[in-house]
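I am opening my notebook on a new structure. I will jot down what I look up, one entry at a time.

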Amino acid sequence: MSQSNFSRPGAVDLSSLRKPAGAPGAPSAPAGGGAAGAYVLEVGEANFQSDVIERSLQSPVVVELYSPRSQGSNALGAVLAQLSTEYAGKFLLARIDVDANPQVAQAFGVQAVPVVIAILRGQPVPLFQGVLGEPEVRQYLDQLLTVAVANGITGRAEPVGPVGEAAEEEEAPNPRYEKAENAVGAGDLDGAIAAYEELLKETPNDAEAKSGLARVQLVKRTQDVPADVRTRAADNPTDVEAQLLVADVDLMGGHVDDAFARLISTVQATAGDERNAVRLHLLELFEVVGADDERVVKARRRLMAALF
């Protein structure tokens with residue numbers, strides 16, 4: 001679990017953490033272990049159902065399993081708390097002390113901390129294990145939010161703690177992107193695409209609009225994937241349509257390197273207009289992941305080598 005793996009929802013059995021009907025949930029406590037924020041909750045066995053499972057029906061919940069005895073846990077907790085404030089409700093951070101909640105640790109199969117797992121509609125989505133820096137954590141969160149939108153989870157978490165002045169300033173959306181973001185939140189992908197395209201007509205080099213458009217288009221393309229698409233792609237390396245769609249599915253599943261490698265191989269196997277279509281599609285996926293991502297930087301070099 002050292003890298004994101006969005007293709008394994010349900011890999012963790014959370015049934016033992018569901019409280020019996022009518023059982024009272026413990027009140028949420030302020031986050032411990034050196035991390036706090038308006039979108040940070042300290043969760044235990046008693047309130048896991050109400051504060052994690054039920055909240056995940058409306059917006060993503062990122063679960064950080066930590067130990068106060070671990071310096072790495074404290075460092076990662078601070079990064080996650082900071083990003084939860086910056087993302088202003090796009091996800092809720094639920095921190096679980098595994099020393100105080102051994103049943104939760106057992107349910108998640110935790111052998112070492114920190115471990116970070118997301119919950120979407122009550123289903124676990126493994127993210128990563130170990131201490132990562134802010135840029136890497138941000139990449140995992142961005143991928144998670146793309147998957148959430150694809151699964152119709154577009155709500156925002158309500159603040160669960162005091163919102164400071166800095167957080168209030170960060171929560172104010174840039175009005176330039178409000179129309180597109182509102183469309184995404186409403187599940188109107190066509191409206192979001194139109195709004196981002198309108199922005200790019202006005203400012204063609206708007207990086208945020210480019211990234212937003214690429215993300216929404218990716219989500220739309222992967223809504224109805226033919227069951228035989230992987231077989232088609234495996235049987236015919238030059239079936240461009242199949243190769244592009246499988247790469248999209250891989251990217252949505254968090255398998256970024258696999259998606260890039262597939263399209264670079266397809267570039268090498270095709271020519272003319274087909275080759276150019278694959279190249280342009282790959283560049284669009286680069287926008288989804290982010291130009292500064294190390295995987296994008298490496299893939300760009302490989303693409304250049306494949307082209308020339």
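**Entry 1: Ala233**

I start with Ala233, which sits in helix α9, residues 229–235. I remind myself that this is a predicted model.

Is Ala233 buried or exposed? I look up its relative accessible area and find 5%. The cut-off for buried is under 20%. Ala233 is therefore buried.

Next I ask which residues Ala233 touches beyond its neighbours within four places in sequence. I list Ala242, Gln243, Val246 and Arg262. I also check a distance to Ala247, which is 14 residues away from Ala233 along the chain. Their C-alpha atoms are 9.9 Å apart.

**Entry 2: the whole chain**

I step back to see the chain as a whole. I count 13 helices and five strands. The chain has 308 residues, and 46% of them are buried. I then look at contacts between residues at least 6 apart in sequence. Of these, 70% join residues at least 24 apart.

**Entry 3: the sheet**

I turn to the strands.

In what order do the five strands of the open sheet lie? I read off β1-β3-β2-β4-β5, and the pairing is mixed. From one strand to the next, the twist averages 25°.

I zoom in on one pair. Strand β2 covers residues 61–66 and strand β4 covers residues 115–120. The two run antiparallel, and five bridges join them. Opposite Glu64 I find Val116 in β4.

Most residues other than glycine have a negative phi, and most peptide bonds are trans.

Which two residues does a cis peptide bond join? I find Val113 and Pro114, with omega at about 0°. Pro114 is in the loop between α3 (102–107) and β4.

Now I check for positive phi. Ala88 has a phi near 50°, and it is not glycine. I place Ala88 in the loop between α2 (71–87) and β3 (92–97). Its relative accessibility is 6%, so Ala88 counts as buried.

Arg121 also has a positive phi, near 50°. I find Arg121 in the loop between β4 and β5. Its relative accessible area is 41%, so I note Arg121 as partly exposed.

**Entry 4: a helix pair**

I finish with two packed helices. I need two values here, because packed helices are described by the angle between their axes and the distance between the axes.

My pair is α11 (residues 256–269) and α12 (residues 272–289). What angle do α11 and α12 make as they pack? I get about 160°, with the axes 9 Å apart. An angle over 145 degrees counts as roughly antiparallel. So α11 and α12 are roughly antiparallel to each other. Their crossing is left-handed.

Which residues make the contact? From α11 I list Val256, Phe260, Leu263, Ile264, Thr266 and Val267. From α12 I list Arg275, Val278, Arg279, His281, Leu282, Leu285, Phe286 and Val289. I sort the residues of this contact by type and get ten nonpolar, two polar and two charged.

Note on methods
Residues are numbered from 1 along each chain as its sequence is written. This is a predicted model: local features need pLDDT of at least 70, side-chain atom pairs count only at pLDDT 80 or more; totals for chains, interfaces and linings use all residues. Side-chain values use heavy atoms; hydrogens and water are left out. Axes are lines fitted to C-alpha atoms, for helices over the stretch in contact, and angles run from 0 to 180 degrees between N-to-C directions. Helices (H or I, at least four residues) and strands (E, at least two) are DSSP runs, numbered from the N terminus. Angles under 35 degrees count as roughly parallel, over 145 as roughly antiparallel, 65 to 115 as roughly perpendicular and the rest as oblique. A crossing is left-handed if the near helix is turned anticlockwise from the far one by less than a right angle, and right-handed if clockwise. Contact means heavy atoms within 4.5 Å. Ala, Val, Leu, Ile, Met, Phe, Trp, Tyr, Cys and Pro count as nonpolar, Asp, Glu, Lys and Arg as charged, and the others, Gly among them, as polar. Buried means under 20% relative accessible area, exposed over 50%, partly exposed in between (1.4 Å probe, protein chains only). Two strands pair if DSSP finds at least two bridges between them.
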